[in-house]
There are 2 protein chains.
Amino acid sequence: MLPKGYKVSGISSGIKKSKKKDLGLIYSSSDCLAAAVFTANKVKAAPIVLCKRNIKNKIRALIVNSGNANCFTGKQGLSDANTVAKEVAKELKVKLSNMLMASTGIIGVKMPKQRILNNIGRTVSALSKKRINDFASAILTTDTFPKIKSITLNIAGKRGVICGIAKGAGMIYPNLETSSVKHATMLCFILTDIGLSRPLLNNALNEAVEVSFNSISVDGCMSTNDSAFLLCNRMAKNKIINKEGKDYQVFKRGLNLVFSELAKKIVLDGEGATKFITIKIEKARDCAQAKKAAFSIANSNLFKCAIYGADPNWGRIIAALGASAINFNENNLDLYINRKPLLKKSKILKNKDRIKGKNVEVRLVLNQGKSMWVVHTCDLSPKYIKINANYN
Amino acid sequence: MLPKGYKVSGISSGIKKSKKKDLGLIYSSSDCLAAAVFTANKVKAAPIVLCKRNIKNKIRALIVNSGNANCFTGKQGLSDANTVAKEVAKELKVKLSNMLMASTGIIGVKMPKQRILNNIGRTVSALSKKRINDFASAILTTDTFPKIKSITLNIAGKRGVICGIAKGAGMIYPNLETSSVKHATMLCFILTDIGLSRPLLNNALNEAVEVSFNSISVDGCMSTNDSAFLLCNRMAKNKIINKEGKDYQVFKRGLNLVFSELAKKIVLDGEGATKFITIKIEKARDCAQAKKAAFSIANSNLFKCAIYGADPNWGRIIAALGASAINFNENNLDLYINRKPLLKKSKILKNKDRIKGKNVEVRLVLNQGKSMWVVHTCDLSPKYIKINANYN
């Protein structure tokens, strides 16, 4: 469900040979404050350059295309991004400075600008409060299902909505440059009518991204186009949240939930995935060490192959933990897979049952401190290789 | 060919269910100076602890088993390693302090000590100047062929030999703690009769490891048992090399060649590999940045899948370069695959030919400085997953 004041659309403009939807538009009838985080990859796509220029302006619309990343396309790419954004602005009767933009698809191929330009009228005409599925479909690439999560919140007596739409299945190891930490193609658009001050909007986005998109990995490959946007048009008419009190807590919990659910949907849709894996590192010295350990395991091909084979191969977990170079005592580890203990104070418990079901929870207790981190990933299957070797 | 004074053997002791050879022994009839480097993994196998204790002593023998890593086996593992080494020493009429040891195989399973003890007599009786193939076979695990490289050098009129034997196919991303840099299971034993001083022996080993084993990756997974040894019994009777003059240069070039050839053999035997990939990063600001960029590409699953599919997917190379977070100018890159130009000053050249043959050379010129680094890796194929998911 879209929050008040927003309309979206999604159509096919012919960028994709399959004729599937490939052009999406978000529009707000009133000015939005916007916050965004972008990939830490040194190579950044043209739409990201445009967004970084406009992000502090009043935002009215966001145009997204799939099928072409407009990345590594040089000056031509920047000029194409500008031309498209300008035409959308004109059609919507807003300014270029009110526009944001995102692209996902193949790298290094010139944007098929004319196809997009020919279809801007249709995209704008199609805008509707009800076409959220069209928009969510138009931003997909190798994804097998659209990813949407909405919640309704009560902010001091006013009803507000947070609605998120995301895409991503491969090249997923987002490291979005949040204020605190520098870490696929994933794209995420969060729309809300709840009013916040700009500093709190930025804080809330950074925090939510750290525990969601910056805590997942499908294949350990960081994309050039990863972007997460949070738009806020204040049409819920709540008293603007401008301090870290109860209202902010309610908003933040809601936002974290929407982000986390979308991040999990991306892992569930991971290319070739047959298992959904949760890695919990507990009792670490600090969160940074716990996160480092969790990702060292999540990005280990040997671990991911073992899980594909349904084998609780704790040796590979311990080898990956050791490779992470964090501090731990190798004689005092507790390890559980799906709640079955495999190590207790590093003593090996005879438990050679195969892993059952699609969900796999690895819980590794370091017994070193009080911090924890949770990362989600998927297994590595022959289908991942098929998708990424035979795409021509 | 073994250098003067060395004998080796390799037999089956029943550690491996397949009854393949699994116990190897190296013996020198006179005292050796020894140098060694071990994995940077925080979890280190029991034999590594024993070796770190003995490495500065006069060394006479090195016992190796395959089929069991004696890793994550706690105090029992250390005690088992000691017992085995002690019995070998006794049989050879040397001291425990003269012994080195290495193990490779499954992690976290108690060492089948009794089987080894029952076969020490046979292993010692089998020692011979000619059984290098037996030894090279006894140290293998998932390898498909033994890995040996020998050269003969002329050191100031004396004939000397450097002979190397290695193993490794999976869990290959060695980061051996050399003096300068901290970075599978690979094992490597280099024997020479050429005499060097201890400081030069250590320097030569560290340098050779950096450009060989610390510059390869099969699957990005660092092992707990990686070890490289260099034994030097001085029986070539050359004037001991104790300064960095011409003799040292001859030795070092020879040693680098033996190490590099063995490292390449490991990549050639990479689990499931169908392509042998060389990644050259040129004109980088410094060697550390070039190495970081090369490994970011070498460890990218998306890149490895594309090469398996014989597609010169330069977009994935550029995305991996960007993810490495080194400094470069994205508008001034030159890229070649098997000498065919794909990018010239970042301009995309139309060249969509499939990659032909087993050898793939990626040459990426950053145009930022004068440094370079070369890394070897292999592609990612469905067979890698089969080997690592269906091993039970």
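Strands here are DSSP runs of E of at least two residues, numbered from the N terminus. The model shown in these views is predicted.

View 1. Asn367(B) sits in the loop between S14 and strand S15 (371–378) of chain B. The phi angle of Asn367(B) is near 55°, a positive value in a residue other than glycine. Most residues other than glycine have a negative phi. With a relative accessibility of 26%, Asn367(B) counts as partly exposed, because that class lies between the limits of 20% and 50%.

View 2. Phi of Lys283(A) is near 55°, and the residue is not a glycine. Lys283(A) has a relative accessible area of 44% and is partly exposed.

**View 3. Seven strands of chain B make up an open, mixed sheet.** The strands follow the order S8-S15-S10-S14-S11-S12-S13. The edges are strand S8 (216–217) and strand S13 (347–348) of chain B; each has a single partner strand, so one side of each is left without a neighbour in the sheet. Strands of a sheet pair through backbone hydrogen bonds, either parallel or antiparallel.

**View 4. Strands S10 and S14 of chain B pair in the parallel sense.** Strand S10 spans residues 276–284 of chain B and strand S14 spans residues 359–365, with seven bridges between the two. One of the residues in a bridge is Glu282(B), whose partner in S14(B) is Val365(B).

**View 5. Chain A is seen as a whole.** Eleven helices and 15 strands occur in chain A. The C-alpha trace spans about 70 × 55 × 35 Å along its principal axes. Of the 392 residues in chain A, 62% are buried. Chain A exposes about 14800 Å², of which carbon and sulfur atoms supply 51%. There are 64 positive and 26 negative side chains in chain A, and the centres of these two sets lie 4 Å apart.

Note on methods
Residues are numbered from 1 along each chain as its sequence is written. Chains are lettered from A and ligands numbered from 1 in the order in which they are written. This is a predicted model: local features need pLDDT of at least 70, side-chain atom pairs count only at pLDDT 80 or more; totals for chains, interfaces and linings use all residues. Side-chain values use heavy atoms; hydrogens and water are left out. Two strands pair if DSSP finds at least two bridges between them. Helices (H or I, at least four residues) and strands (E, at least two) are DSSP runs, numbered from the N terminus. Buried means under 20% relative accessible area, exposed over 50%, partly exposed in between (1.4 Å probe, protein chains only). Accessible areas come from the Shrake-Rupley method with a 1.4 Å probe; for residues, only the protein chains shown count as cover. Lys and Arg count as positive and Asp and Glu as negative; His and the chain ends are not counted. The place of a charge is taken as NZ of Lys, CZ of Arg, CG of Asp or CD of Glu.
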